[in-house]
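Visitor: Please show me the model, and then let us go through it by question and answer.

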Amino acid sequence: MSSRTVSRRKRVVRKQEAPEFSFTREDVEGISQALGEPDKLKAQRMAAWEKFESLPMPSTSDEPWRRTDIRGLDLDRIKMQASTKKPVASELLQPLVAESHGALLVLRPGHTPEFQEEENLQEDGVVFTDWTTAVREHAEIIERTMDTIVPAEDGKFAALAAAMSQEGVLLYVPAGVQLQQPLHSIFWAPGTDAAFFHRVLIVLERGASAVFFHETASPTESEGQTVHAGIVEISVAEEASLKFVEVQNLGGHVWNFTHERAKVAREGRLDWIFGAVGSQLTKTFSDLDLTGQGAEGRFSGFYFTSERQHFDHDTQQNHLAPDTMSDLLFKGALVDQSRSVWQGMIYVAPEAQKTDGFQANRNLILSKKARADSIPGLEILADDVRCTHGATVGQLEDLPIYYLMTRGFPREEAERMMIDGFFAPIMERIPFDGVRERFRRMIEAKLGN
Amino acid sequence: MTDILEVKDLHTSIDGQEILKGVNLIVREGEIHALMGPNGTGKSTLANVLMGHPSYEVTQGQILFKGEDLTAMATDERARMGLFLAFQYPVAIPGVSVANFLRQAINAHRKARDPEYKGIPIPEFRKLLKEKMDLLEMAHEFAGRYLNDGFSGGEKKRAEILQLATLEPSIAILDETDSGLDIDALRIVANGVNTLSGPDLGVLIITHYQRILNYIKPDQVHIMLDGQIVESGGADLAQHLEEQGYDWVREKHNGKVQG
């Protein structure tokens, strides 16, 4: 016990000499070449690399990183490599938003993607494909949109993911096309002492609609650390509608950093659902930009932390046009010595009159050593708006548990019922049975620890 | 005569203060008992001690139920043995619908009897729930609401009786179920209890008003004063209390009651 403490202290001392990833410009050029990127995409990638090099590693003296310390990440050990061949957990391959999926795409860093298509998507001009194919066959879509939603300037890890991503998903739905079947993709990245990167680009043209489920996952490795950095860019055009479910189920050795943003144009609608249970540490930036009149966005977040996990989620609801509506509800439970941070901001631009903005974050602490920080914020520059926010951190109370026990529920079941009840408002916002069921199993797994 | 609740010389403390000072009581299946008395005499304490509330310590005496000593048994085990408490202040369970709650409660009871039990089939449960709700004149949409969450006082009490009807205990304790009810709600609740009572159910009604006893006729009435049952009698005892108040009980027992 005491020797462990000593070694840990040593590590901390070493970490104070500003650490850096060992990647080089040649690595980035190699990725571009492997993908066969046209000049414009290559130039964007190299610019991202330069941005990455110019930015310092985030530290707790930077406001967004104040509560998330990444000095425990041993960057010397992190190398570029392919993922191992561990097969994808079969549970992940199940259709979750309907009886079957329109298409299933499995990405594994360094390996050929697997693609199953149940519906002929191309008939309607829909593109749902891996990044290599996307660069080869649909470069114009990428050139038009990539980096316009999440620019490399957004942060060190945004720049890193933009420079290093070789894997990714492109979903493009042409104007007026209503995709009937849900699309499903998995980024499966087993391996340790590795760095994995991927990006998701979703473009819905005017009046299009789609349902998309994307999962980032890996099994827990017993040793070492792995970094994952990702970018999610979403463009919902005028009158288009997207339901996007994102699940983060990475191994307990993974340090996960993502920058995500959706732009929703006039009368567009986005229903964006997050579920996060995995990783050692996660720092996510999720922004919703309502750029056109009457745009609507709903954010629903489900998270459950355990052991020494640390989740930190920054959300921004940016009302940039009149008559826009945003509604955020994030609910999380914490066990063991885990920690969560949610920091949310509703911004209302001066011209965004008649805006409705809501945000609420609720946390349920299930052990004495767990801790949740919940920091709502409003910045309102218009005068005719309706904005509310709320944040709570609570525990299971004795009285309801006693009440449930008087009905014959053993204590554990009574507690489980209270926890399920706590998450119910989030479950009700998820319009898919399979996803709700999946989240329920995640709760079960967490409570089984 | 085995299905019986027998309280023998029960003494109970909370935070070192003695509340029950030797309670003796027998309730059999098929009987309706009323336990009356002024506020603060230990009636609700008795209800919670019978149910095994963790804050109360039994310092002396026994609670026997179906021949077993409950004193050291956890609350949920008592419930699954067939003891039920309708709360004076039912507790909100946000996020859990009445239907979902009742279905899981039925399953908890049945699984305790048969570990292999797979859970009540949904159609069977729906039919059962509809039947019980009709019995209590409850609108069916009630089943979809979160249990006791934002319920009116009357709705909460009706939800308690609905649970009683669904879980079918052997002994039900109704703790001030009549308090806070208007006359219509009281009538519905009382009708519910009357319908449910029968040879398989014993009822202990705790109240400090005689009012509910206009609707539910007790076989026995007990008066509690300062942690003890000091008078027991028939339904006429309640009538007597209604006319005379509690003063005569206090005068009669002043000095006889400990403490």
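Visitor: Across which strands of chain A does helix H9 lie, and at about what angle to E14(A) does it run?
Guide: This is a predicted model. Helix H9 of chain A covers residues 433–447. It lies across strand E10 (241–249), strand E12 (269–276) and E14 of chain A, and its angle to E14(A) is about 25°.

Visitor: Across which strands does helix H8 of chain A lie, and what is its angle to E16(A)?
Guide: Helix H8 spans residues 411–427 of chain A.

Visitor: In what order do the ten strands of the open sheet in chain A come, and which are the edge strands?
Guide: The pairing in this sheet is mixed, and the order is E3-E2-E6-E8-E10-E12-E14-E16-E18-E21. An edge strand here pairs on one side only. That applies to strand E3 (114–117) and strand E21 (385–395) of chain A.

Visitor: How many bridges join strand E14 to strand E16 of chain A, and which residue is the bridge partner of Gly301(A) in E16(A)?
Guide: Strand E14 (residues 296–305) and strand E16 (residues 325–334) of chain A run parallel and are joined by ten bridges. In E16(A), Gly301(A) has as its bridge partner Phe330(A).

Visitor: Is Ala34(A) buried or exposed?
Guide: Ala34(A) belongs to helix H2 (residues 25–35) of chain A. Ala34(A) has 11 C-beta neighbours inside 10 Å, so it counts as exposed.

Visitor: What radius of gyration does chain A have, and why does it agree with a compact globule?
Guide: The C-alpha atoms of chain A fill a box of roughly 65 × 55 × 45 Å along the principal axes. A compact globule of 449 residues would have a radius of gyration near 22 Å. The value for chain A agrees with this because it is 22 Å.

Visitor: Which element gives the largest share of the side of chain A that touches chain B?
Guide: 19 residues of chain A are in contact with 19 residues of chain B. Helix H7 (398–405) and H8 of chain A are the elements that give two or more residues to this side. By class, the side has twelve nonpolar, three polar and four charged residues. The largest share, eight residues, comes from H8(A).

Terms used: Residues are numbered from 1 along each chain as its sequence is written. Chains are lettered from A and ligands numbered from 1 in the order in which they are written. This is a predicted model: local features need pLDDT of at least 70, side-chain atom pairs count only at pLDDT 80 or more; totals for chains, interfaces and linings use all residues. Two strands pair if DSSP finds at least two bridges between them. Helices (H or I, at least four residues) and strands (E, at least two) are DSSP runs, numbered from the N terminus. Two residues are in contact if their C-beta atoms, placed from the backbone, lie within 7 Å. Axes are lines fitted to C-alpha atoms, for helices over the stretch in contact, and angles run from 0 to 180 degrees between N-to-C directions. A residue is buried if 20 or more other C-beta atoms lie within 10 Å of its own, exposed if 12 or fewer, and partly exposed in between; C-beta atoms are placed from the backbone. The radius of gyration is taken over C-alpha atoms; the globule rule is 2.2 Å times the number of residues to the power 0.38. Ala, Val, Leu, Ile, Met, Phe, Trp, Tyr, Cys and Pro count as nonpolar, Asp, Glu, Lys and Arg as charged, and the others, Gly among them, as polar.
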